[in-house]
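Please look at the sequence and the structure below before reading on. The report then takes up a few of its details.

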Amino acid sequence: MYADRLEEDSNPPIEDRLNSNVAANSLCRQPITGKRLNEDEIAIAAIKHALKALRKRHLAEEAAHAPTIIAISRPLVYQGSEWKEKAEQLELELQQCYKAQSRLSEQLVTEVAEGRVSKSVIQEKETTLANFKKEFDQISNEYSELKMLLDEKTKGLELVTSENQELKRQLEEISLKVKSAEAENKMLIDRWMLQKMQDAERLNEAVSRIIGHRRDCLVNAVYDDLLGQFRASSIQKLAREQVDGVVRQFEEGAEFFAESIIPSTCKNRIHAHDGGCASILFEYNSSKLVTGGQDHSIKMWDTSTGSLSRTLHGCLGSVLDLTITQDNKTIIAASSSNNLYVWDVTSGRIRHTLTGHIDKVCAVDVSKVSNRHVVSAGYDRTIKSWDLQKGYCTKTIIYPSNCNAICFSVDGRTICSGHVDGNLRLWDIESGKLLSEVAAHSLAVTSISLSRNGNTILTSGRDNVHNLFDLRTLEVYGTLRASGNRMASNWSRSCISADDNYVAAGSADGSVHIWSIQKADIVSTLKEHGSSVLCCTWSGLGKPLATSDKNGVICTWM
């Protein structure tokens, strides 16, 4: 636009140019006849006229250029305001740059300080590394020394090992010789024992003949006397009890007993043991009760008063079973500590600790012929025979199923055992051989109890059945059960009364059931316990009946 305006200003108006040309032509066309002007005047006039035209032209050009100058001056003002705005923006940016520079300076100072700290830390690390290097060198030296020492010890160990192997070989040779000597010694002892037994049998036969003769004389005399009393008083029951009692008192090895009564009333309720009581029994021909519990103690009670008469200590585990010798002088306990403990009742001290089982001992019994021989059964699947005089094991029998209960036969030559597989097994005590076996229960046998005459054995099982076997034929001739009677554990003990007429068994609901063997039916149900009944035992005197439960409570029933 600005170039267009310049181009318009450079060309004068058409009217001015026409006027100048007319004037020039008029001067040239003046007549010669008048006053003629010379050529110089004409030239001067033309020059003046040209100057005048030029002046006009200049003025016209200024007038023409004025808008252009104004137009040119206006953008400069506008550009100044824009430059001012740009200057303010640049100043603002400069301030921001100063602020950024300040922040960067602070960061620089911080990083310089951190760099100095890092440098000091690096120096410390280098010092620590140098110390570690020194320690490593020391440890390397010690390792070299220890390695040399180890090599020396290894050589010494190899030498000792070779010597040990040689000694072991010599020991094996000596062991073979010892075993051979033991076999010979055992054979000699067996021959000697056989001879002694034959001598004893001959002596027993002679004594039996003498005692039998005296007993017959005595029985006849007593019978005549009692027959006279019967005729005089007509008390038949008294005569039968006294005759039976006198005869049994004079029979060698027999015990006195009276006719058992059916218990109905709890006479004593005693908290005997903490944690439960799994085994109880009466002394022979006595109403004194012996109990063993999970508190590792053996206690003796007077059932007539319910008072504690003695406590035996020394057992290191829970008492799982008890037995007592015929003379009431020795008590043997089977324990969960894998041992048997033998107490002298008179002194209250332990005579023997019988070791040999490698698992808990859950059953024990003493021979009814001799107070010397004891058998035990453990959960290591072994039955062991012990000699109490010598205090060691004389025979070990291995069986396929764990044994929960064990007892001697009346003659002391046979062992009866009840097992987890439900079988009843009979073993020969001398040879250790299995004599016979019968499936007594569908589940584990928990208890076996021998009758006083030795012909009947009572077995109880986890199938909640109580079977009566004829020990001579191993045939079941009686089965006892009740709807509410349930065995509480693998060691729930039932019992036969002293006169072989009743069976007592505890239940998991705390009740005690009494069966009549002759009727094969329940004659009484006793309820006093607050927890599962674990053990029942009947006094040889016919009363009382004693029971124990999982809470350690003992009840005596009359």
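Are tyrosine 379 and tryptophan 491 buried or exposed? Tyrosine 379 is buried, and tryptophan 491 is buried too, where buried stands for under 20% relative accessible area, exposed for over 50% and partly exposed for what lies in between (1.4 Å probe, protein chains only). This is a predicted model, in which local features need pLDDT of at least 70 and side-chain atom pairs count only at pLDDT 80 or more, while totals for chains, interfaces and linings use all residues. Residues are numbered from 1 along each chain as its sequence is written, and side-chain values use heavy atoms, with hydrogens and water left out.

The structure holds 3 aromatic pairs, meaning rings of Phe, Tyr and Trp (its six-membered ring) whose centres lie within 6.5 Å, with planes under 30 degrees apart counted as stacked, over 60 as edge-to-face and the rest as tilted. Two of them are set out here:

| Pair | Centre to centre | Between the planes |
|---|---|---|
| Tyrosine 341 and tryptophan 343 | 6.2 Å | 35°, tilted |
| Tyrosine 379 and tryptophan 491 | 5.9 Å | 45°, tilted |

The pair of tyrosine 379 and tryptophan 491 links distant parts of the chain, 112 residues apart. Tyrosine 341 and tryptophan 343 are both buried.

Aspartate 499 is also buried yet has no salt bridge, that is, a side-chain nitrogen of Lys or Arg within 4 Å of a carboxyl oxygen of Asp or Glu. The side chain of aspartate 499 does make polar contacts (N or O atoms within 3.5 Å, where within protein one must be able to donate a hydrogen and the other to accept it, and residues adjacent in sequence count only if both atoms are side-chain atoms), including one of 2.6 Å with the side chain of serine 497 and one of 2.9 Å with that of asparagine 501.

Technical notes:
Lys and Arg count as positive and Asp and Glu as negative; His and the chain ends are not counted. Helices (H or I, at least four residues) and strands (E, at least two) are DSSP runs, numbered from the N terminus.
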